[in-house]
Amino acid sequence: MAMIASKCPDITVTVVDMNAARIAAWQSDKLPIYEPGLAAVVSGALGRNLHFSTDVVGAIKAADIIFVSVNTPTKTYGVGAGRAADLRYIESVARTIAEHASGEKIIVEKSTIPVKTADAIRTILASNGNGLKFQVLSNPEFLAEGTAVADLTNPDRVLIGGERTPEGEKAMQQLVEVYARWVARDRIITTNLWSSELSKLVANAFLAQRISSINSISALCEATGADVDEVANAIGKDSRIGPKFLKSSVGFGGSCFQKDILNLTYLCESFGLPEVASYWNQVVTMNDWQKSRFTARIIKQLFNTVADKKIAVLGFAFKKDTNDTRESAAINVCRELLTEHANVCVYDPKVPAAEITADTLGPGQMNSRLTVAPDAYAACAGAHAIAVVTEWDEFKKLDFARIFAGMPKPAFVFDGRNILDLDALRKIGFCASGIGKPSA
Ligand SMILES: NC(=O)c1ccc[n+]([C@@H]2O[C@H](COP(=O)([O-])OP(=O)(O)OC[C@H]3O[C@@H](n4cnc5c(N)ncnc54)[C@H](O)[C@@H]3O)[C@@H](O)[C@H]2O)c1
């Protein structure tokens, strides 16, 4: 929404959220999300045509177009628990719009939702009894956290789905005109509603599938002496495969990939397609295995016990350049190490200590074995092993000779992101291993 406000000064954008603390933070110097370049985009439009408010009803009344961007987490209870999307926030917004809208509006699904959700929204809106007509569009968001501003500035495509009726086409065209202020028209795709809703889930499933595919091969590389980065480079040169998203790692995290694949598999089962569901479910299974494989390897190489040993975990965010920790592989790594009675010391450049503790142990829980360091050197001091879990650039520039001097020997490095020069570390004296890399 900040990008729309930035690119379209004549359009008033009001972001409303019932979370007052978040709304306050958006108007402060410390935005609630760390994202390179975002602060400048927000501050450039703030107070001009970008406004933040908790007045949900007032904003609904004033708006011509309403983007529904609420959370759609995996359901944790009842039918579909652990897989289906929890649509209660979507439904609640639809009901609020139905109750308070005083004119005809375009409702845009910006959240990632199961196919056919627009049907539910339309039914709720149609039953408001005041005869108002709404057009429901689907406009899924494809930005990646960490590169959100660049992705929004220059998107590969903008996808808009709507009803193939004259009213639906007109509504789609209105939204096309918003994006066309800065996105080339041939990159703005219009489809029917269901294609658009489904494409978002499928895009995330394909992206995650590539990571799980290369991660599965990383295990084979470790067993055979092949190097996963060399394999990825060799296959990625094939224009049919392409080089992107072939970086092996400790496993994917983030709020979307797992949630959206589980959602997709649940949908497939609901539509009587268990074979399709189990095909995609394997992407998540492989990712869980990769996360546990990383920790298992640490334990094995540390002579099958990490009890009372200090392990430095470098990075906690699910990827670099974000402070988002949702489904981060670091959470699994820390939990599994704590289960083995390791003393885990985490450092992340952007994630606050309280969040690291709460994510790992649960809200309000404490464990003296889990500590958070103010920098990487403090985290590594006296550690038996270092586990690199997030690919922050600053970890590549660390003085590893200095770190080595402060560690008990043998000193281990486990590079869960393949960002370090293993040969250089081995020359210093480290026992260094990467994901899918030949051993020394
Ligand atoms: N985070 C991403 O990079 C990303 C990318 C693409 C798509 N998405 C999708 O966008 C959606 C939102 O994701 P997010 O990461 O921003 O989630 P989030 O949980 O960070 O934010 C959702 C916000 O909605 C607010 N909210 C919930 N119900 C409300 C209501 N009835 N009225 C007003 N506010 C309400 C919450 O208070 C919260 O601040 C999800 O469906 C997600 O899958 C997210």
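The protein chain is divided into domain 1 (2-200) and domain 2 (302-434), with bounds that come from an automatic or database domain assignment. The model is a predicted one, in which local features need pLDDT of at least 70 and side-chain atom pairs count only at pLDDT 80 or more, while totals for chains, interfaces and linings use all residues. Residues are numbered from 1 along each chain as its sequence is written. The centres of domain 1 and domain 2, taken over C-alpha atoms, are separated by 37 Å. The contact between them takes 5 residues from domain 1 and 7 residues from domain 2, where two residues are in contact if their C-beta atoms, placed from the backbone, lie within 7 Å. The side of domain 1 that touches domain 2 has 2 nonpolar, 1 polar and 2 charged residues; in this division Ala, Val, Leu, Ile, Met, Phe, Trp, Tyr, Cys and Pro count as nonpolar, Asp, Glu, Lys and Arg as charged, and the others, Gly among them, as polar.

The secondary structure of the protein chain comes to 17 helices and 13 strands, these being DSSP runs numbered from the N terminus (helices H or I, at least four residues; strands E, at least two). The radius of gyration of the protein chain is 24 Å, close to the 22 Å that the globule rule gives for 440 residues, so the chain is as compact as a globular protein of that length; the radius is taken over C-alpha atoms, and the rule is 2.2 Å times the number of residues to the power 0.38. Along its principal axes the C-alpha trace spans about 75 × 45 × 45 Å.

Buried residues make up 40% of the 440 residues in the protein chain, a residue being buried if 20 or more other C-beta atoms lie within 10 Å of its own, exposed if 12 or fewer, and partly exposed in between, with C-beta atoms placed from the backbone. The largest nonpolar core has 69 residues, and those with the most contacts inside it are Ile311, Val313, Leu314 and Ala387. Apart from this core lies another, of 28 residues, among them Val93, Leu137, Met172 and Tyr179. Such a core is a set of buried Ala, Val, Leu, Ile, Met, Phe, Trp, Tyr and Cys residues joined through C-beta atoms within 7 Å. When residues up to four places away in sequence are not counted, the residues touched by leucine 314 include Tyr347, Ala376, Ile386 and Phe395.

Around the ligand there are 19 residues, of which Asn19, Asn71, Thr72, Ser111 and Thr112 are the closest; a residue is near a molecule if its C-beta atom, placed from the backbone, lies within 6 Å of it. This shell divides into 7 nonpolar, 8 polar and 4 charged residues, and helix H5 (residues 88-100) gives the most to it, with 3 residues.

Some backbone features lie in loops. Most residues other than glycine have a negative phi, and most peptide bonds are trans. Phenylalanine 245, however, has a positive phi of about 60° and is found in the loop between helix H10 (228-236) and helix H11 (257-270); it is partly exposed, with 16 other C-beta atoms within 10 Å. Phenylalanine 303 has a positive phi of about 65°, is found in the loop between helix H12 (274-301) and strand S8 (310-314), and counts as exposed, with 10 C-beta neighbours inside 10 Å. A cis peptide bond, with omega of about 0°, joins lysine 409 and proline 410.
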